[in-house]
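Subject: Structure for you to look at

Hi,

Here is the structure I promised to pass on. Please open it and keep it beside this message.

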Amino acid sequence: MKIKLEQAHRLLSQGHVVAVPTETVYGLAASLKHPKAIADIFSLKGRPSNNPLIIHLASVKDIHAYVHTFPNQFFALAHAFWPGPLTVVLDVIPDTIPEIVRAGLPTAAFRIPSHPLTQELLAKTGPLVMPSANLSGKPSATCSEHVEEDFGQHFPVLEGGTCAQGLESTILYWNKGFWEIIRLGAIAPGRFLPILGYCPQIRSFNAKSDKEPLCPGQLHKHYAPKAHLKPLSDGFDRLTSGCIIGFEDRQYPKTCRVLNLGLSTKPESAAQRLYALLRQLDQENIPEAWVDINLPQEGLWLTLLERLHKASQSARD
Ligand code: TXA
Ligand code: MG
């Protein structure tokens, strides 16, 4: 059910959960002041309690209520990327953030979104926690219809159009004197170079990795449609039937159905379309699809490749 800003403000202040647009993906929002509403987010999504939530704020100055000491270059990052699709994990002052939000960790994740409606809403409501507005493990929602698909026609959604980025925020974590990327996202890694003077290392976690995840929630399955995705980097000419997730400037067999992510030179448009397309597979009950992953291992393509990899891997788990 599409609602307007005033109604979203009222529902959130009364301790209800409301879906809210951001420039990355839609979020399932609850006020930081309402622990019961925060608990409802976990049950609505089917989200494991060991997966912490991002705290969304109206402006950088609001962080001082929760954080005493800021890592090197934090304010340079904030100045360069906020408001926008950056999330930063910081050590928090004990007892300032409910344990349920942090999943018991001594840290919390913060983001200042740039979507004008979200900004306006946050200015009225104060801090909101928001995971992506999808059932746990499923592709994120990039328009209000996706939210209704997962949570029902009557679920309140602040209508904010299609998300401009289409991929979740990039998450940074300060580790032993350097910033690291703990989730690839809408900000390509190279964009940090001019601000930090180095490109942050990408820390990847999976069940087989020898590295400990920063929070156990990072090991849960993500972004997966019901459809079985099969990554392929060449040999498309040998396919005779089936569905291919590909690009409009590439040739595939005429006997295959192609769902296209736009031009293979435009990662931004592929990012905007990705989740809608993964959802389309399930809407049309398509059981499996090949995915063209013959893409550069750089820039925003890295995020797209990671999402496609997780979506295809999880489908088999
Ligand atoms: O773009 C986004 O970030 C969207 C929009 C709605 O803002 N939100 C989003 O939230 O993607 P979610 O819950 O789907 O993903 C947030 C991830 C969690 O999976 C968790 O791994 C990580 O952020 N996270 C949160 N708090 C953390 C912490 N204290 N330490 C390490 N990772 C944390
Ligand atoms: Mg999510």
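Predicted model: local features only at pLDDT ≥ 70, side-chain atom pairs only at ≥ 80, totals over all residues.

Residues are numbered from 1 along each chain as its sequence is written, chains are lettered from A and ligands numbered from 1 in written order, and side-chain values use heavy atoms, without hydrogens and water.

Helices first. Helix α1 covers residues 5–13 and helix α5 residues 116–125; their axes come within 10 Å and cross at roughly 40 degrees. On the α1 side, the contact (heavy atoms within 4.5 Å) uses Leu5, Glu6, Ala8, His9 and Leu12. On the α5 side are Leu117, Glu120, Leu121, Lys124 and Thr125. By class, five of these residues are nonpolar, two polar and three charged.

Now the strand. β3 (residues 27–31) is mostly covered, with five of its five residues buried (under 20% relative accessible area, 1.4 Å probe, protein chains only). Gly27, Ala29 and Ser31 point one way; Leu28 and Ala30 point the other.

β3 has these partners. It pairs (at least two DSSP bridges) with β2 (residues 18–20), antiparallel, over three bridges. Val18 stands opposite Ala29 there. A hairpin of six residues joins β2 to β3. β7 (residues 128–129) also runs antiparallel to β3, joined by two bridges. Here Ala30 faces Val129.

Best wishes

Notes. Axes fitted to C-alpha atoms, helices over the stretch in contact; angles between N-to-C directions. Helix = DSSP H or I, 4+ residues; strand = E, 2+ residues; numbered from the N terminus. Nonpolar A, V, L, I, M, F, W, Y, C, P; charged D, E, K, R; others polar. Buried < 20%, exposed > 50% of the residue type's maximum accessible area, 1.4 Å probe, protein only.
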